[in-house]
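I opened my notebook for another structure today. Here is what I looked up, in the order I got to it.

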Amino acid sequence: MLRNYIRIAWRNLKRNRVFAFINIGGMTVAICVALLLCIAAYHEWSFDQFHSNRSSLYEVYMEEALPNGKTVMGANHPAPLMAALQQECPSVKQATRYQSSKRSVSYNGKTLSRVIGFADTSFLQMFSFPIRSGNINTLRNRDQVLISEETAKNIFGNEDPLNKIIEVKLGQLQKSYTVGGVMANVPENSSIHFDMLVSFSSLLEWYGNESSWSYSSYYTFLQVKEHASVPLVLKQMQGLVNKYMSEKLQGMKRDGVQPGKDGQLLTYGLMPVGDIHFDRRSDLAGIGAFYPWLMVIISIMVLAIAAGNFINLSMGRSFTRAGEIGMRKALGARKTQLIAQFWSESFILCGISLFAGIVLAAFVLPQFNELFRYHFRMASIFSSIRILSGVVAGFLLITVLAGGYPAWMISRFKMLEVLKGKLSLGRKSIFRNVLIIVQFSIAVLLISCTIILWQQLTYLRSRPLGYNQHEVISIPVNSGLLQKGDALSRLRTTLAGDPHILAVSGSNTNMGDGLDGGRNSATYGFDYKGRGVKCNWSMVEYDYLQTLGLHLVAGRDFSREFSTDSSAVIINELMAKELGEKDPIGAELDVIGKFHVVGVVKNFNFHSLKEETGPMTIQLIPGMKPMYIFVRVLPADLPLAMEKVKKAWHTIDPDGEFEGSFLDENIDRMYRSEARLAKISISGAVVAIVISCLGLFAIAVLVIAQRNKEIGVRKVLGASVSGIVTLIAKDFLRLVLIAILIATPVAWYLMRIWLQDFAYHIDVKWWVFLLAGITAIVIAFFTISFESVKAALMNPVKSLKTE
Amino acid sequence: MIQLRHISKYYPVGFGKNEILKDIDLRIFEGEFVSIMGPSGSGKSTLLHIMGLLEEPNQGEYLFDGEPVHKMNEKKRTQLHRGAIGFVFQAYHLIDELTVYENIETPLLYKNVPAAERKSRVADILDRFNIVAKKDLFPSQLSGGQQQLVGIARALVGEPKVILADEPTGNLHSDQAKEIMELFKQLNEKDKITIVQVTHSEVNAGYGHRIIQIRDGKIA
């Protein structure tokens, strides 16, 4: 029986190559896209799930009420918090601090740049980072280090790493560590990522603020005791706020900050470790929680479109196969047997598509990885039982949906009507039309979302930020050079007199995301005329305004001619407003020492455009050791200028890596996740429209075949070619129009929600939807007219004779 | 064998109804060869369809082998289809995608006949109808008469008690028609198969033992 089914399915495939191609082709592409996106989503969801204690592990954050009634959340905590948690909160089992940074590591004259994690001893008991060999208690010793297997291999090759001594640069310090143990590599789906692990006390040794409650810079994790509830822990932690942060609380009260909804000015909160990958409150968060969902939704949409084609084609074809179905019934086939037959046909088609889809996925995987910054490998994907069973389950579901429905419908045909050739088409085409509408709604939705995403992304990249982003190169200074501190002056000397170089300056904060990874910023709060003032703070060298092209609106730039400028600051307009001074020049700020304002610059966007720009104070530190050096170059030949800067840099730092980049590249990097969203959306839209059109094409072929006689008669009666094309196209274009009407409000709503994430965003324009709609109609029209023109040009005698 | 009592069949048309069959009483005995004749639209095909369980009457009782068919459920009807009744159609209704061999084999597949037996039964039939050479051809490669021969072979392979034939020679020229009718006669006499055929032709009707005339939904 099964062989009979397979045989007939195979013959059907061979006989209807166009339909088979459309079915298999569409399904293959859909499966490939869905597979890749679902794997990506699965990867995102698997983040931090490998910790065996994850149900009792939390990251600590703090919620702080602001004078304007809003609240800010932060996950940076003072160093003594951890000890306080362990000693004063009875429901906390243990806690650890954690911090990581990229440092240069050297051994035997070989220097590598690696991420070093600093953690307390409890870290390894709380988190599941297994140690492969060596001493489990390595973190108890300040001068010992745990390294990952991969790093061990990179540094030591085949030597035994244990008890070898490596040198690590920690700012001004150069520290020697003995390798105490080797750890398993940190899995890719871990939010906490490091190549080496050393004790937290060695970080404190470097920073030296072990007991200060006012310097908040460290992530803190805790493990809740069994049977202890989170609210209980939070209550105990609130006690710490009142005990250790009374000074801050008093300052806030004096500034008139109103308590938040829980009646507190400062509140601790706990984020489950399993969720921090998606939790914006954590600095370790990767992407928004909706990204994996978005990937899954797009997968489902694309699969739905392909399945829609499948159903439409099987249904359409079943009318031509009605005779066979009726005869089988007359020969004694039961309903279940007919369903089994048609289902097995779709099973075969889907099976071929699945195989082809996996092969296709393997081919595009490198591009996919590059596009979305993943490191998937086909072999490791399919070694996961979960993914494998997910694929099988998804596949069965698709065959049931795509093959089951038509099979069930077909089996219900009235046998006699079929045998008499009286099968009506009208009733069934409602379902067909609904499917076409759904397909095109999805396609139009994705097209309009893509256009809006793209507009916003272009806007983010091209909006004037108040400084020169195109002609300024930013160079992160690595730790070794930072220690010497003469990089800026040496670069100035080297580049002096070069006509391509306009100005060189330095700062402790970068603009955008540099190649060294991440951004940094500093905020200071202080009292001005009896009021608390909070502002962003940036320390710079001479020529900063000129280099970045900031516009002075009042006062003057820093100048080497004023010796008093060592205590001078320049503020932006928002800061002037914050101070409440009409003429802020000469105003005295008492922060960490006294500063006087010498100039006011126009507001500029030193943060991402997701945030409103805020008050900013720029402090001059003559002869500072900047962490970032900025070089303004001549716009005439940017690549040449970059080459010159790079060459100059190598004379200063012959061993180090040059990580300089133009500021507009840095700004692009800030919007990586938006760019990624746009890419996902574009690929989804393209695939959706292509598969929908394939389906539309096939339906057009079927409908034209069914209306062959009508077309013939109309031609004999004198209908023109364009008249016939319109006749056929009209029906379909009406469906596409309905799809546009459905998709437009949905797209508008979704995009408005998304745009609200940005402090600066475009307005959604009506013509975007018009454009998306026209695109869909034009593509659909071309798809249909291809077949209908052919039908209209056919000799009518031919179609009439066959009757 | 077949017993129809007060069978009526009608379709609703507007507010009234279009009566096809009016109060038909008919009895066909085992081993009979009956021809049903009548003008177009007289209801003869509908009568045959009712006998073959392809259509249900609006009123009346139908006993097949003494069993009330009108009270049977779907499953039992299917069993009757499979076991007791063979169909032959005017338009042959062979399955285009299957070869001659596979077409004949299909009813046996639905009856769950074991593979070895299936093979021998299909081979017997092919042999008997002299179409062994054509077993791997597709229906479109055969002439009309040959296709109908395959159609009859397919009806017979399930070893039915009754063959219901709806104008089996309607699409054939007279030589071929004669061949088919001779075959029916032989099946009826040698194999004791009950045959009911609907036909327009007096000649073909003459092969049967009994002619039933139908006019305006009634037996004349």
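My entries cover a helix, a sheet and the cavities.

**Ground rules.** I'm working with a predicted model, where local features need pLDDT of at least 70, side-chain atom pairs count only at pLDDT 80 or more, and totals for chains, interfaces and linings use all residues. Residues are numbered from 1 along each chain as its sequence is written, chains are lettered from A and ligands numbered from 1 in the order written, and side-chain values use heavy atoms, leaving out hydrogens and water.

**Helix α7(A).** I looked up α7 of chain A, residues 230–244; helices are DSSP runs of H or I with at least four residues, strands are E runs of at least two, and both are numbered from the N terminus. Its buried residues (under 20% relative accessible area, 1.4 Å probe, protein chains only) include V233(A), M237(A) and V241(A). An α-helix has 3.6 residues a turn, so residues three or four places apart point the same way.

**Sheet in chain B.** I found four strands in an open antiparallel sheet, ordered β2-β1-β4-β5; strands pair if DSSP finds at least two bridges between them. The edge strands are β2 and β5, each pairing on one side only. Nine bridges join β1(B) to β2(B), and P12(B) stands opposite K17(B) in β2(B).

**Cavities.** A cavity is a set of points on a 1 Å grid over the protein atoms alone where a 1.4 Å probe fits but cannot get out, and lining residues have an atom within 4 Å of a point. I noted three of 30 Å³ or more. The largest is lined by 21 residues, and α9(A) gives the largest share, five residues.

Note on methods
The expected span of a helix is 1.5 Å times one less than its number of residues. Buried means under 20% relative accessible area, exposed over 50%, partly exposed in between (1.4 Å probe, protein chains only). On a 1 Å grid over the protein atoms alone, a cavity is a set of points where a 1.4 Å probe fits but cannot get out, and a pocket is an open set with protein on both sides within 12 Å along at least five of seven lines; lining residues have an atom within 4 Å of a point. Grid points are joined across faces, edges and corners, and a volume is the space filled by probe spheres set on the points.
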